[in-house]
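Hello,

Here is the structure I promised to pass on to you. Please open it beside this email, and then read through what turned up in it.

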Amino acid sequence: LVKVVVALLLCLFASKGDGASSEANGELGTFTLPGEGTCFKDEFEAVLSEYKHLHTKMLSLYANKTTRSKARFLVFRICCGELGNRLLGLTSTFLLALLTKRALLIDWPAIEGFSGDSYRDLFEPPDGLDFNFSQLTPGRGRKPPKVLSVSLTNERPEPYQPVLCRNLTAAWSKAPVVIVTSNQYYLEALRANAHHAPDLLRWFGPPPPATKDSDAAAPAATA
């Protein structure tokens with residue numbers, strides 16, 4: 001799963017150099033996976049390496065009654081849409097977990113009428129990391145954790161407002177579990193957040209400059 005998310009991050013954030021190429025005829029650029037010459041900054045490679053430790057640490061804290069209150073999780077919850085929309089939401093939420101130093105968990109059951117597979121049907125746990133949201137299900141003698149719910153879907157008139165302006169690490173500090181429900185790519189909203197944009201700039205560098213073709217293809221703004 002992490003490899004899929006990292007590959008998507010690479011494609012979504014890649015500049016036109018250092019591991020990414022774009023053809024003049026308008027075809028999609030080609031990208032290489034991490035370890036084969038990528039456009040990731042060294043610092044982001046280190047963040048990915050550190051994430052495994054953070055993930056394991058948060059689960060260990062939660063498993064112990066005396067340290068449970070210190071555990072911090074960010075849950076990606078599907079709402080609607082097919083596989084492509086879900087992967088975009090998952091990719092965005094994984095990066096948000098890195099920015100806020102939380103362990104990612106996934107609430108992706110099989111739902112009839114959409115992509116009928118659960119995430120366990122589609123992905124194998126990487127490197128022994130368990131992303132299953134059910135780990136937070138209250139067991140015998142265990143109270144459910146306090147949850148903050150955030151909706152980042154296209155059903156709202158301003159869907160990205162919850163992540164645009166605040167320092168989310170500080171704003172969510174008292175919430176052990178933040179559940180983000182999304183079917184959208186919202187990484188650009190995080191780029192616009194003054195508190196988290198510097199990390200993104202260090203990890204990925206500046207976004208590719210706009211071209212005349214992309215400007216011409218962009219829809220006109222409406223009042």
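Predicted model: local features only at pLDDT ≥ 70, side-chain atom pairs only at ≥ 80, totals over all residues.

**What was found**

The structure holds six aromatic pairs, and F44 and W203 form a tilted one, because their ring centres are 5.4 Å apart and their planes stand at 45 degrees. Since F44 lies in helix α2 (residues 42-63) and W203 in helix α8 (residues 197-204), the pair ties together parts that are 159 residues apart in sequence. Ring pairs also bring in F204, giving a cluster of F44, W203 and F204.

Which kind of pair do Y51 and F94 make? Their ring centres are 5.4 Å apart and their planes are at 80 degrees, so the pair is edge-to-face. Y51 lies in helix α2 and F94 in helix α3, so this pair ties together parts that are 43 residues apart in sequence. Both Y51 and F94 are buried. For a ring with a charge above it, turn to Y62: the charged end of R68 sits over that ring, 5.4 Å from its centre.

**The chain as a whole**

Now zoom out. The protein chain has nine helices and six strands. It is made of 223 residues, and 42% of them count as buried. Its accessible surface comes to about 12400 Å², with 55% belonging to carbon and sulfur atoms. Among contacts with a separation of 6 or more, 73% are between residues 24 or more positions apart.

**Helix α3 and what follows it**

Helix α3 covers residues 83-100, which is 18 residues. From its first C-alpha to its last it reaches 25 Å, close to the 26 Å expected at 1.5 Å a residue. This helix is mostly covered, with 14 of its 18 residues buried.

T100 is buried, at a relative accessible area of 5%, and it is in contact with L168 and T169 once neighbours within four places in sequence are left aside.

Just after α3 comes K101, in the loop between α3 and β4. Is K101 buried or exposed? With a relative accessibility of 54%, K101 counts as exposed. What is the phi of K101? The angle is near 55 degrees, a positive value in a residue other than glycine. Most residues other than glycine have a negative phi.

**Salt bridges**

A search of the whole structure finds five salt bridges. In one of them the side chains of E43 and R202 meet, at 3.3 Å from N to O. E43 lies in helix α2 and R202 in helix α8, so the pair ties together parts that are 159 residues apart in sequence. E43 counts as partly exposed at 37% relative accessibility, and R202 counts as partly exposed at 40%. D199 joins E43 and R202 in a network of salt bridges.

D107 forms a salt bridge with R77, and the closest N and O atoms are 2.6 Å apart. Because D107 lies in strand β4 and R77 in strand β3 (residues 73-77), this pair ties together parts that are 30 residues apart in sequence. D107 is buried, with a relative accessible area of 17%, whereas R77 counts as partly exposed at 27% relative accessibility.

R120 forms a salt bridge with D130, with the closest N and O atoms 3.8 Å apart. R120 lies in helix α4 and D130 in the loop between α4 and β5 (147-152), so the pair ties together parts that are ten residues apart in sequence. R120 is partly exposed at 49% relative accessibility, and D130 is partly exposed with a relative accessible area of 27%.

**A proline in a loop**

Where is P109? You will find P109 in the loop between β4 (103-107) and α4 (119-122). P109 counts as partly exposed, at 38% relative accessibility. Not counting residues up to four places away in sequence, P109 touches I78, D117 and S118. The C-alpha atoms of P109 and F133 are separated by 9.9 Å, and these two residues are 24 residues apart along the chain.

Enjoy looking around!

Best wishes

Technical notes: Residues numbered from 1 in each chain as written. Heavy atoms only, no water. Helix = DSSP H or I, 4+ residues; strand = E, 2+ residues; numbered from the N terminus. Buried < 20%, exposed > 50% of the residue type's maximum accessible area, 1.4 Å probe, protein only. Contact = heavy atoms within 4.5 Å. Areas by Shrake-Rupley, 256 points an atom, 1.4 Å probe, with all protein chains shown as cover. Expected span 1.5 Å × (residues − 1). Phe/Tyr/Trp six-rings, centres within 6.5 Å; stacked < 30°, edge-to-face > 60°. Lys NZ or Arg CZ within 6 Å of the ring centre and 35° of its normal. Salt bridge = Lys/Arg side-chain N within 4 Å of Asp/Glu carboxyl O.
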